[in-house]
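Reader: I am new to this structure and would like a close look at a single part of it. Please start from one residue and its surroundings, and then move on to what lies around them.

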Amino acid sequence: MSHVLLVRLAAPLQSWGVVSRFSQRDTHTRPTKSAVVGLCAAALGRDRTDPIDDLAEFVYGVRADHPGTPVRDYHTVGAGRYPIRPRDIITDHRRAAAVAKSMEAADGPGFGHHELSGWYGAPKKIAADPASGTLVSGELSRRAMITERWYLSDAAFLVGLQHEDKRLLEQIGHALEHPKQLLWLGRKSCPPSGTLAAGIEPGTLSEVFASKRLLPGPDGSDTSGRRPWAWLQAAPGTRGAAPVNDQPVTFDPARRTHATRWETRTRVTIAPNATDWDLIP
C-alpha cells in the first residue's frame, strides 16, 4: 500500500532555480523534485557523492497552497571600499603599485586599516600562475559585478513524497525535524520556517492532497473554497503529462546529472471533511 509523506515548505523567501548562472539566477514557480530530494538527503546527513537511488524513487507531487509573489533582487558583488589586505597586493600587481606610495605616507598601522582611495572590489578568479606558481588574479577589474536574483515571497507549498516503504518515509520525516545538516529552500539565504514534516497519510498523492485543508497563509486570510494547482508525477505517456528535467540521478559535483520525468497539472478540490493542520507556522 502506498503512503505519502507531506512536507510543508514555507518561508519569507524561497528560490527554486532551473537555469542559474552567476549573473542571472531564476526561480521556478514551485519546488522542483531535485531540490526536495536534496533537502531530504541533507537532512539525513548524506554527502553529495552518496547514492540517492532510494530517494529518487519517490513519486513526487507539489500543491501550491500559496504561490507567493516573484521578487527581483538587484545584487552587487565586490563593491565598496575596504581595508587593504596582503592577499590583495600579492595577487593584483596594479593594486600593489598604486598602494606603495599611499602606504608609505600613511600614519599608523598598515594592513587591515589602510584604504586605497578610488579602488573598489577585491581581486577575483585567483589561481596559481602556470610559470611561477604564484597566486595571481585573473580578474583585475575594479568594477562591481552585477547580478539579478529572483525569489518567491511569502509562498507556502505542500509537497508529497509517495512510496510503499512507510519506514523510509518515517525516517525522512524525523530527519526533516532533526536535520544533520543545515536546510534551506533552494538557496542558503532562504531557511525554512516552522514545521517541515507534516505527517504521513495512506493513499496516493491525489487522494492525500484532496484530504488536507490548505496550509495557513502568511496573512491568515480565509482559504476556504479555493482550488489550488497541483503538479503530480506521472508515468511516461500519460495523457496530458509534460516532461520535466528535474529527476536527480546524482548530486556528485564532478558529475551532477538529472533525467527527465513526467508530470500532470490539475486543480485540487479540497474535500468537505478535509482535516485541518496543527503545525508550527
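Author: Leaving aside residues up to four places away in sequence, E263 touches R30, W231, L232, Q233, A234, G240, A241, A242 and V244, where a contact means heavy atoms within 4.5 Å. The model is predicted, so local features need pLDDT of at least 70 and side-chain atom pairs count only at pLDDT 80 or more, while totals for chains, interfaces and linings use all residues. Residues are numbered from 1 along each chain as its sequence is written, and side-chain values use heavy atoms, with hydrogens and water left out.

E263 lies in strand β11, residues 257-267. Helices (H or I, at least four residues) and strands (E, at least two) are DSSP runs, numbered from the N terminus. E263 counts as buried because its relative accessibility is 7%; buried means under 20% relative accessible area, exposed over 50%, and partly exposed in between, with a 1.4 Å probe and protein chains only. The side chain of E263 also makes a polar contact of 3.3 Å with the side chain of R261. A polar contact is a pair of N or O atoms within 3.5 Å; within protein, one must be able to donate a hydrogen and the other to accept it, and residues adjacent in sequence count only if both atoms are side-chain atoms.

The setting comes next. The chain has six helices and 11 strands, and 40% of its 281 residues count as buried. Among contacts in the chain with a separation of 6 or more, 77% are between residues 24 or more positions apart. D53 lies in helix α2 and counts as exposed, at 54% relative accessibility.

Helix α1 is largely enclosed by the rest of the structure, because nine of its 11 residues are buried. These are K33, S34, V36, V37, L39, C40, A41, A42 and A43. Just after α1, G45 takes a positive phi of about 85°. D154, which is not a glycine, has a positive phi of about 55°. This residue lies in strand β7 and counts as partly exposed, at 41% relative accessibility.

Helix α5 runs over residues 166-177. At its start, a side-chain oxygen of D165 comes to within 3.2 Å of the backbone nitrogen of R167. The buried residues of α5 are L168, L169, I172, G173, A175 and L176. They are on the same side of α5, because they cover an arc of only 165° around the axis; the arc is that of the directions from the helix axis to the C-beta atoms. R167 and H174, on the other side of α5, are exposed.

R187 lies over the face of Y151, at 4.9 Å from the ring centre, and K212 lies over the face of W277, at 4.5 Å. Such a charge is counted if NZ of Lys or CZ of Arg is within 6 Å of the ring centre and within 35 degrees of the ring normal.

How values were computed: Expected span 1.5 Å × (residues − 1).
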